[in-house]
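Work through the exercises below with the sequence and the model side by side. Each task is followed by a solution that goes step by step.

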Amino acid sequence: MPLAEIPLHTAGWLILVVLGGILAMDAVSWPQVMVSRPLVSGTLGGWLLGDPASGFLVGAVLELMSLRHPPFGAARYPDSGPAGLVAGAAYAAAGGASLGALVAAILAGWAVGWIGAVTVQLRRRGNERLMSNAAELAARPALLERRHRLALRLDAVRGALLTAGFVAPAVLAAAWSVGQPASGRATAWGAAMLVTAMAASAGAGGRTSSTGLRGWPLLLVGAVAGAIAVGMAG
Amino acid sequence: MRPLRKDLWSAWWRSFAVQGSWNYRTMIGGGMAFTMLPLLRRIHAGDPVRLSESVARHQSAFNSHPYLAGLAAGALARAELDGESSASIERFRTALRGPLGTVGDRLIWAAWRPVCLLSAIAAFGLGVDPLWSVALFLLTFNAGHIAIRVWGFRSGWREGLGVGKALHESWLEWVPRRLAPLILFLLGLDAVLLSRSVLDVVEWNGFFGGLAAVAAFVALVAFRWPRRAGRVAAALVLAIPIAWLVVATLIG
């Protein structure tokens, strides 16, 4: 699918880029209301491309994979706002309902998340310089306020650039992957691998919130409840 | 001079941006000074030297969970108003750093946020519209988020250097413990519901029971060795296109 066939006008692309900046800022700088979580940003990306359900699905998979990386202290963690937005937009633009496009969108989101993590570290180094002259900032509090606000804006610019750099390639990759793989057996293998990866993410994510190993039966109880719900839904 | 209500509101609102200038040298030190400035300007009105000294104190290295930074900002501003010595404020800042980070991380990042996220995913898996599921997450999560920020700032401002006892309040300890089992249950539930959604994409007609057994085994192994399992999960997703190439080449 060529880029021109993607159901998004110039204004739509611009909205995606601006939204990427806002979502990136939410993760760390302001206001941390968690619109930057991949579940939310993925759905927003899908919604902008006319398919919020596809965006939600990619966002939820990325969310499961991100649970293992909470922002404790100065730890490095994926920049989930732009990541989810790019992935959700890519899968929705590809029309959903394709394992190839789903995997491409997840991989794009994962890559954007970790590249974003590197840019967050670079921004933090930049903030060091911005806030370095402690004596001058203490003597002129208004300067401290200006520098702090500048740091906030630079974080938004970082997120917007990250989104602008990756959203079109991700959309193209997902659109190209529609109908992949051609073989039914390869599709089954791919789906099984994705399900296994999600199970591994769920298990690993569980330990982030658990204080020990004792809670493992609850994982199985939840899975059984899920299987019953799926069975009842037919 | 005692701060006005609008100064308190301004400081509370600014606490949402406390991590704006996060850096590896002072962490949220600059953000703390930024947050407290409306209060410090009022407290030290007409005395630029004391204002400058207090800004210097509060922009030095500090860290805390962002949602609990308001507690520290309120308490430190109260200490400035009460005329506490520079040395006792420094000691208090140092003592507060560790607990505010640990308590906040356990309560918010490891408990409250996962519960709200996983509940929203479960709602979607059970048929709720995706936009409503996202709204459910944002509303429930931020109800707790805003409540903690309000509670923290008010406690800090009310108690000053005695705010340590607010941190020892039992609910901060027991909430994460009570939520942990729910998170594990929701993780199991969501893994199955999301798997169903993925399998629907490919119109899977293979043996679901076999795949479920493998997935359950993998989840339990991952629970036991989470660090390695996280890497294995990422590697598995990365390997899917390679597996397709191999299968297509060998089998066609």
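**Exercise 1.** Locate A:Pro31 in chain A and describe the peptide bond that joins A:Trp30 to this residue.

Solution. A:Pro31 sits in the loop between helix 1 and helix 2 (38–48) of chain A, where helices (H or I, at least four residues) and strands (E, at least two) are DSSP runs, numbered from the N terminus. The bond between A:Trp30 and A:Pro31 is a cis peptide bond, with omega at about -10°. This is a predicted model, in which local features need pLDDT of at least 70 and side-chain atom pairs count only at pLDDT 80 or more, while totals for chains, interfaces and linings use all residues. Residues are numbered from 1 along each chain as its sequence is written, chains are lettered from A and ligands numbered from 1 in the order in which they are written, and side-chain values use heavy atoms, with hydrogens and water left out.

**Exercise 2.** Characterise the packing of helix 1 of chain A against helix 7 of chain A.

Solution. Begin with the axes (lines fitted to C-alpha atoms, for helices over the stretch in contact, with angles from 0 to 180 degrees between N-to-C directions). Those of helix 1 (residues 10–28) and helix 7 (residues 141–177) of chain A come within 7 Å and cross at roughly 130°. Helix 1 of chain A is therefore oblique to helix 7 of chain A, given that angles under 35 degrees count as roughly parallel, over 145 as roughly antiparallel, 65 to 115 as roughly perpendicular and the rest as oblique. Next, the crossing of these two helices of chain A is right-handed; a crossing is left-handed if the near helix is turned anticlockwise from the far one by less than a right angle, and right-handed if clockwise. Finally, the residues in contact (heavy atoms within 4.5 Å) include A:Trp13, A:Gly20 and A:Gly21 from helix 1 of chain A, and A:Asp155, A:Arg158 and A:Gly159 from helix 7 of chain A.

**Exercise 3.** Which angle do helix 4 and helix 6 of chain B make, and how do helix 1 and helix 6 of chain B pack?

Solution. The axes of helix 4 (residues 69–81) and helix 6 (residues 130–159) of chain B come within 7 Å and cross at roughly 20°, which makes helix 4 of chain B roughly parallel to helix 6 of chain B. Their crossing is right-handed. Helix 1 (residues 5–14) of chain B packs on helix 6 of chain B at an angle of about 130°, with the axes 11 Å apart, and these two helices are therefore oblique to each other. The contact is made by B:Leu8, B:Ala11 and B:Trp12 of helix 1 of chain B and, among others, B:Phe153 and B:Trp157 of helix 6 of chain B.

**Exercise 4.** How many residues does each chain bring to the contact of chain B with chain A, and what area is buried?

Solution. Chain B contributes 92 residues and chain A 102 residues. Together the chains bury about 8,600 Å², 78% of it on carbon and sulfur atoms; buried area is the accessible area (1.4 Å probe) that two parts lose on being put together, summed over both. B:Tyr24, B:Phe223 and B:Trp244 supply 10% of the area that chain B buries against chain A, more than any other three residues.
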